[in-house]
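Subject: Structure for your files, with notes

Hello,

The sequence and structure are pasted below. My notes on what was found follow them.

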Amino acid sequence: MSKIEEIASAVERGKAKLVPGLVEEALDEGADPVEILNKGMIDAMSVVGEKFKNNEIFVPEMLVAARAMKKGVEVLKPSLGGSSDISIGKAVIGTVQGDLHDIGKNLVCLMIESAGFEVQDLGVDVPAEKFVESAADPDVKIVGVSALLTTTMPAMKATVEALNQAPNRENFKVMVGGAPITQEFADEIGADAYTPDAATAASVAKAFVVG
Amino acid sequence: MERIPFRKEELEVIGQTINMGRGSFPLLNTPISPRENFLMLLRGEDPLWIPFARDTISVTPAIIKDNIARGFVYDATPFDPNVEGGGPDMFGVEWEWVPTVRGSMVRPGNPKVPDVEEWEKYIEFPDPDSWDWAGSAEKNRALIEQKELLFGATILNGLFERLISFCEMSEALVAMIDEDEQEAVHRLFDQLADFYGKIIKKYKEYYHIEILTFHDDWGSQRAPFFSLDTVREMLVPYLKRIVDTTHDLGIIFELHSCGKNELLVPAMIEAGVDMWNGQPMNDKKMLVDTYGDKMIFGAAPEGIDNDSSLEEVRESCRKFVDTFKDHRIYSGAASNAMFAPGIKEALYEYSRIAKCGKAE
């Protein structure tokens with residue numbers, strides 16, 4: 001098994017204590033930092049996402065894998081140069097006003113970050129104006145809007161409507177998700193995409209940006 | 001018990017259940033009380049009709065601070081969650097009542113326990129002996145003494161839910177599988193099992209409950225939060241202790257666990273859970289076919305809500321009874337169909353006829 005394969009395996013298994021050492025060893029052996037990132041970590045997280053989608057693993061396994069990747073990226077970052085070199089774009093993500101649920105939003109943040117985005121987590125109970133304000137940043141490519149309750153679906157609608165009025169609307173895609181959300185609802189409120197889980201959100205977001 | 005055939009007069013409303021803030025439900029002119037009928041199901045006998053979830057009544061008294069914090073006080077004390085809901089629970093965790101949601105949550109970002117491995121530094125267990133159980137029971141005397149409905153109590157914030165409230169969702173989930181943190185979680189659940197045992201004993205002593213409902217959400221809309229192996233390792237030993245304490249007191253144990261948790265049913269059975277009224281996204285037919293001899297499941301008529309027409313409700317109830325009449329099951333109603341027109345009468349009539357026939 002190559003060192004990069006070892007890193008990928010450790011990331012998939014969520015071995016946060018092992019990954020930094022393995023990354024250091026790979027760098028010492030002269031491995032390309034970009035390849036370590038793409039093959040050892042981002043690809044590994046894609047595998048994790050697929051397994052999650054298929055119920056082969058569950059939320060904790062996904063969280064520890066993301067945590068392991070984060071530890072590896074910390075070691076890798078100085079070798080990669082500035083963050084703009086490794087980021088494929090910026091994503092701002094939050095849970096709508098009136099809704100305090102954060103786990104779905106957190107998972108999407110982790111998976112989208114693991115797919116190569118720079119993520120700004122707006123938190124929970126986020127007013128529509130805050131989404132619009134954050135989306136004004138020209139680097140923002142994705143705006144993720146989460147709602148976990150049927151009672152906060154109207155807040156999602158209001159948020160997406162506000163985003164659709166933004167003068168720089170063509171610069172970013174609006175993605176929505178959450179337990180009560182459906183493709184039909186996403187279409188109705190004018191979102192660009194609905195995804196049923198965090199792994200799909202990451203792959204759709206990536207497809208929007210890199211094609 | 002004689003299999004008394006159904007007579008139309010049984011649909012006559014002879015009273016209303018006690019209203020504890022959730023609304024009251026009609027009491028029909030049944031040949032035996034809903035309580036007796038439910039007990040038949042629990043004893044393994046074939047009840048005269050499929051028991052309705054609302055044939056039970058459950059208290060969450062104000063003497064337990066969790067119930068105020070969660071906006072979930074149901075006892076003789078008048079309680080308006082929009083005014084009184086939220087605040088500290090019995091461990092001092094602050095909850096926020098969200099009126100639009102009609103529920104409380106801990107606002108993320110400032111966990112009471114910032115490091116799971118050191119939870120003992122931040123958490124002091126309350127002393128149930130210091131609460132006014134006798135006074136609370138006295139206020140609820142009418143409820144305790146009624147014999148129409150199966151009487152119980154609900155414990156909010158089970159084992160995993162308590163962990164979430166202490167350290168937030170993501171951290172709680174990681175702690176369930178992280179080798180370094182699992183030991184601390186075991187210590188916490190061990191103490192919680194004893195603590196809940198004390199509360200259940202109080203409920204038995206002062207409220208004479210017959211059924212305990214224990215809230216512990218284990219899943220999301222699409223899947224369990226964690227694997228069956230994780231539940232077996234981290235939750236079953238402690239849940240089983242709580243169930244055993246409950247059973248030793250002659251009380252039925254109902255697990256309330258939201259989420260698509262059908263994969264975790266083997267763990268519920270291993271813990272000794274008597275009943276689980278899972279949410280509608282679980283495949284109830286598969287569950288009763290696979291595990292119906294080991295546990296009682298709650299299920300609900302599908303495709304209706306409070307705005308459905310009487311005809312739609314009756315058709316859905318008829319299909320439900322056709323599907324489940326030969327299984328050990330009780331019928332609930334999805335939260336958005338609890339007041340669907342004629343739902344209780346339709347479930348009653350169809351299941352009475354299916355089980356006992358119709359009088360000439």
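Buried residues make up 54% of the 211 residues in chain A; a residue counts as buried if 20 or more other C-beta atoms lie within 10 Å of its own, as exposed if 12 or fewer do, and as partly exposed in between, with C-beta atoms placed from the backbone. For chain B the buried share is 49% of 360 residues.

This is a predicted model, in which local features need pLDDT of at least 70 and side-chain atom pairs count only at pLDDT 80 or more, while totals for chains, interfaces and linings use all residues. Residues are numbered from 1 along each chain as its sequence is written, and chains are lettered from A and ligands numbered from 1 in the order in which they are written.

Overall dimensions

The C-alpha trace of chain A spans about 55 × 35 × 25 Å along its principal axes. Its radius of gyration is 17 Å, which agrees with the value near 17 Å for a compact globule of 211 residues; the radius is taken over C-alpha atoms, and the globule rule is 2.2 Å times the number of residues to the power 0.38. With 360 residues, a compact globule would come near 21 Å, and chain B has 21 Å, in agreement.

Of the contacts in chain A with a separation of 6 or more, 75% are between residues 24 or more positions apart. A contact requires C-beta atoms, placed from the backbone, within 7 Å. In chain B, 67% of the contacts between residues at least 6 apart in sequence join residues at least 24 apart.

Chain A

Chain A has 10 helices and five strands. Helices (H or I, at least four residues) and strands (E, at least two) are DSSP runs, numbered from the N terminus. An open sheet of five strands runs in the order β2-β1-β3-β4-β5 in chain A, with parallel pairing; strands pair if DSSP finds at least two bridges between them. β2 (118–126) and β5 (193–194) of chain A are the edge strands, each pairing on one side only. Strand β4 (residues 173–177) of chain A is joined to β5(A) by two bridges in the parallel sense, and Val176(A) stands opposite Tyr194(A) in β5(A).

Across the boundary, 13 residues of domain 1 of chain A are in contact with 12 residues of domain 2 of chain A. On the domain 1 side, α3 (33–53), α4 (59–80) and α5 (83–86) of chain A each supply at least two residues, and α3(A) gives the most, with six. That side divides into eight nonpolar, three polar and two charged residues. Here Ala, Val, Leu, Ile, Met, Phe, Trp, Tyr, Cys and Pro count as nonpolar, Asp, Glu, Lys and Arg as charged, and the others, Gly among them, as polar.

The largest nonpolar core has 183 residues, and Ile7(A), Val11(A), Met111(A) and Ile112(A) touch the most other members. Both domain 1 (3–85) and domain 2 (87–210) of chain A give residues to this core, so it lies between them. A nonpolar core is a set of buried Ala, Val, Leu, Ile, Met, Phe, Trp, Tyr and Cys residues joined through C-beta atoms within 7 Å. Leaving out residues up to four places away in sequence, Ile112(A) touches Ala91(A), Phe117(A), Val119(A), Ala201(A), Ala202(A) and Ala205(A).

Chain B

Chain B has 14 helices and 12 strands. Seven strands form an open sheet in the order β3-β7-β8-β9-β10-β11-β12 (chain B), with parallel pairing. β3 (56–59) and β12 (329–331) of chain B stand at the edges with a single partner strand each, so one side of each has no neighbour in the sheet.

From β3(B), Thr56(B) and Ser58(B) point one way and Ile57(B) and Val59(B) the other, and all are buried. Four bridges join β3(B) to the parallel strand β7 (residues 150–155) of chain B, where Leu150(B) is the bridge partner of Thr56(B). Strand β9 (residues 252–256) of chain B runs parallel to β10 (residues 275–276) of chain B, with two bridges between them; Leu255(B) stands opposite Trp276(B) in β10(B).

Between the chains

In the interface, 23 residues of chain B are in contact with 18 residues of chain A. β5 (94–98) and α7 (169–175) of chain B are the elements that give two or more residues to the chain B side, and α7(B) has the largest share, four residues. By class, the chain B side has 13 nonpolar, six polar and four charged residues.

Regards

Notes. Contact = placed C-beta atoms within 7 Å. Domains from an automatic or database assignment.
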